[in-house]
Amino acid sequence: MTAPQTTNGMTSIPARTGPRQARPAPGAHGEPEPARGAEDGEAPVRGAEGATGDLGGAVDLAAGSADLGGAVGAAGAGDLGGGVDAAGSAGDSVGGVVAGAGPVRPSGERTTVRLRAGEPEEPARYAPEWLRLREEADAAARAEELLDALRIRSADQPGRTGALTVHDLGCGTGSMGRWLAPRLAGAQHWVLHDRDPYLLHFAAVGSPRSAADGSGVTVETRRGDVARLTPDALSGASLVTASALLDVLTREEVVALADACVGAGCPALLTLSVAGHVELTPADPLDAEIAEAFNAHQRRGGLLGPDAVTAASEAFAARGAAVRVRPSPWRLGPEESALTEQWLRGWVGAAVEQRPELRGRAERYLRDRLAACAAGELRVVVQHSDLLALPPSTDETS
């Protein structure tokens, strides 16, 4: 997870056309990472003008490239922490989960990690393979109707000059920017936040090149923790956005997020939060029990899990923001079998980690579900919710 940090000479990268070459991030294959500025937590990149930052020289946007898919595909899951074998998973049949698709951290360990000077680096939580696998389903699921209110809000601020400044929290490989930037008109500057420099590398390489009207898009990266988010950090922001973030925050962190966004006067578009409801066709008697155990797993350690959207709605509304919530379900059929397989392994694995007594039945359940998936006979609807919070406008507060 992520949060803004103070920038000191951060390189701004114009999105450009033409080929670009991505190189593996240092540390991804076991070699030591170069020293980086731990105090700022920044992950700058190399731009066409030769201005260099840290990110270990992992990004050279002047050099030409394959697309993000090729860059991600070149890295195996083992590059980001090795094979996933979560404690308490349902035997070998739940193994092989791509990082991020299931319970990949030791029991009780928080997903949101503060970054402080001198703290050791930790394994990546989310593999780009998983984020790439879900990107198309995410794009199809997001509630695009919420953008109408966002566009109206932007049009009602004629005094704004310069580019639309969008802060993308927990950006991962940058899928939110690739979905949203081409749907908004006007010049845009995206500030990508994540705690993982490897994911920031992919987000920068795969950044969108132009807005809906052909205007330019620029991007910068910042490394840090969402728990440190403050209104000052969002000074000048036009929009805060995130995808699949709210459900891995605590109530205190959601309140801090609402404080920061409303304090800065910028809207927040927070998409694809787990809603806690799953529909599988054909049904199985164990569906409800697995779902209940998974939801309990999502709430461990004080995380909000399926309660996140309700908590966020209350927090933003209490601060005077107008809140809109819309469903954004994944609808997975035979064409999405690769994503369905990984989701199933992670979903069942998390349930068994929460309730080890399910292991025997869960092994049978997962085996049957995977067989149905491979045969093209399984359909899954995974419910999510999208939230748009619009703080009071300047006219309303004056």
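How many helices and strands does the protein have? I get 11 helices and 11 strands, taking DSSP runs numbered from the N terminus, with at least four residues of H or I for a helix and at least two of E for a strand.

Ground rules first. This is a predicted model, where local features need pLDDT of at least 70 and side-chain atom pairs count only at pLDDT 80 or more, while totals for chains, interfaces and linings use all residues. Residues are numbered from 1 along each chain as its sequence is written, and side-chain values use heavy atoms, with hydrogens and water left out.

**Overall.** I looked up burial: 55% of the 398 residues count as buried (under 20% relative accessible area; exposed is over 50%, partly exposed in between; 1.4 Å probe, protein chains only). Then contacts, meaning heavy atoms within 4.5 Å. Of those with a separation of 6 or more, 85% are between residues 24 or more positions apart.

**Aromatic pairs.** My rule: rings of Phe, Tyr and Trp (its six-membered ring) pair if their centres lie within 6.5 Å; planes under 30 degrees apart are stacked, over 60 edge-to-face, the rest tilted. That gives 4 aromatic pairs. I noted Trp130 with Trp330, edge-to-face at 6.4 Å centre to centre and 70° between the planes. Trp130 sits in helix α2 (residues 128–141) and Trp330 in strand β10 (residues 330–332), so this pair links parts of the chain 200 residues apart. Trp130 is buried at 4% relative accessible area, and Trp330 is buried at 2%.

Next I checked Trp343 and Trp347, which are stacked: 4.8 Å centre to centre, 20° between the planes. Both are in helix α9 (residues 337–354), 4 residues apart, which means about one helical turn between them. An α-helix has 3.6 residues a turn, so residues three or four places apart point the same way. Trp343 is buried at 8% relative accessibility and Trp347 at 2%. Together with Tyr365, Trp343 and Trp347 form one aromatic cluster.

**Asp138.** Back to helix α2, where I find Asp138. Is Asp138 buried or exposed? It is buried, with a relative accessible area of 3%. Its side chain makes a polar contact with the side chain of Trp330 at 2.8 Å (N or O atoms within 3.5 Å; within protein, one must be able to donate a hydrogen and the other to accept it, and residues adjacent in sequence count only if both atoms are side-chain atoms). Leaving out residues up to four places away in sequence, Asp138 touches Leu272 and Trp330.

**α6 against α8.** Helix α6 (residues 251–264) and helix α8 (residues 308–318) pack at about 40°, with axes 9 Å apart. I fitted the axes as lines to C-alpha atoms over the stretch in contact, with angles from 0 to 180 degrees between N-to-C directions. The two helices are therefore oblique to each other; under 35 degrees would be roughly parallel, over 145 roughly antiparallel, 65 to 115 roughly perpendicular, and the rest is oblique.

Which residues meet? Arg251, Val254, Val255, Leu257, Ala258, Cys261 and Val262 in α6 meet Ala311, Ala312, Glu314, Ala315 and Phe316 in α8. The buried residues of α8 include Ala308, Val309 and Ser313. I see the buried residues of α8 packing against α6, β8 (268–281), β9 (322–327) and β11 (379–390).
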